[in-house]
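Please read the following points with the sequence and the coordinates at hand. They are arranged by topic.

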Amino acid sequence: MAEILTKSRARNIFYGGSIFFVLVFIALTAQSHFYIVKHSTASAPLTEQIARGKGVWERNSCINCHTLHGEGAYFAPEVGNVMTRWGVADDPQGAYETLDAWIAAQPSGIEGRRQMPHFDINEEDMRALAEFLRWADHTDTQGWPPNDAG
């Protein structure tokens, strides 16, 4: 009786299967890349002001208390959709004024409540931070956070 799986057949199956799965991997990688670029990024283009706002976000370690699209600490509210919650997602001036007033009022001094420290941020950095949060608000998060408050 002849062997069903000879050495050459086994080698061909191995090489054929390897090539097949490498091609599947490349196809899935390309599909993921195009999906992320078209669907999972902010609809607004990146600008220098948005990049500066991200720098302000990082310098002040906002992520140590807040989450941004689910990433970060859970001590303070989600800020990925804060501009929508405040009703200023499409109003750059309103976003700046609201954020500036909010940070100027901190800490609130309400007993029994988590307190945000006061950050001394200049006007240009505050405008940049507001633009960064507005930009983040326009990202398609595919339903995250599960509720408006994050």
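1. Helices α3 (82-86), α4 (92-104) and α5 (123-137) each contribute at least two residues to the lining of the largest pocket. Helices (H or I, at least four residues) and strands (E, at least two) are DSSP runs, numbered from the N terminus. The model is predicted, so local features need pLDDT of at least 70 and side-chain atom pairs count only at pLDDT 80 or more, while totals for chains, interfaces and linings use all residues. Residues are numbered from 1 along each chain as its sequence is written, and side-chain values use heavy atoms, with hydrogens and water left out.

2. The largest pocket holds about 620 Å³ of space. Of its 28 lining residues, H66, A76, P77, W102 and M116 are the closest to its centre. On a 1 Å grid over the protein atoms alone, a pocket is an open set of points where a 1.4 Å probe fits, with protein on both sides within 12 Å along at least five of seven lines; lining residues have an atom within 4 Å of a point. The volume is the space filled by probe spheres set on the points, which are joined across faces, edges and corners.

3. The lining of the largest pocket comprises 18 nonpolar, 6 polar and 4 charged residues. Ala, Val, Leu, Ile, Met, Phe, Trp, Tyr, Cys and Pro count as nonpolar, Asp, Glu, Lys and Arg as charged, and the others, Gly among them, as polar.

4. H66 lies in the loop between α2 and β1. H66 counts as buried, at 15% relative accessibility (buried means under 20% relative accessible area, exposed over 50%, partly exposed in between, with a 1.4 Å probe and protein chains only). Not counting residues up to four places away in sequence, H66 touches W57, E71, G72, A73, A76, P77, V79 and M116, where contact means heavy atoms within 4.5 Å.

5. T67 is placed in strand β1 (residues 67-68) and is buried, at 1% relative accessibility.

6. Two loop residues other than glycine deserve a check of their backbone. S61, in the loop between α2 and β1, has a positive phi of about 55° and is partly exposed at 33%. H69, in the loop between β1 and β2 (71-72), has a positive phi near 55° and is partly exposed at 26%.

7. A cis peptide bond, with omega about -10°, joins Q106 and P107. P107 is in the loop between α4 and α5.
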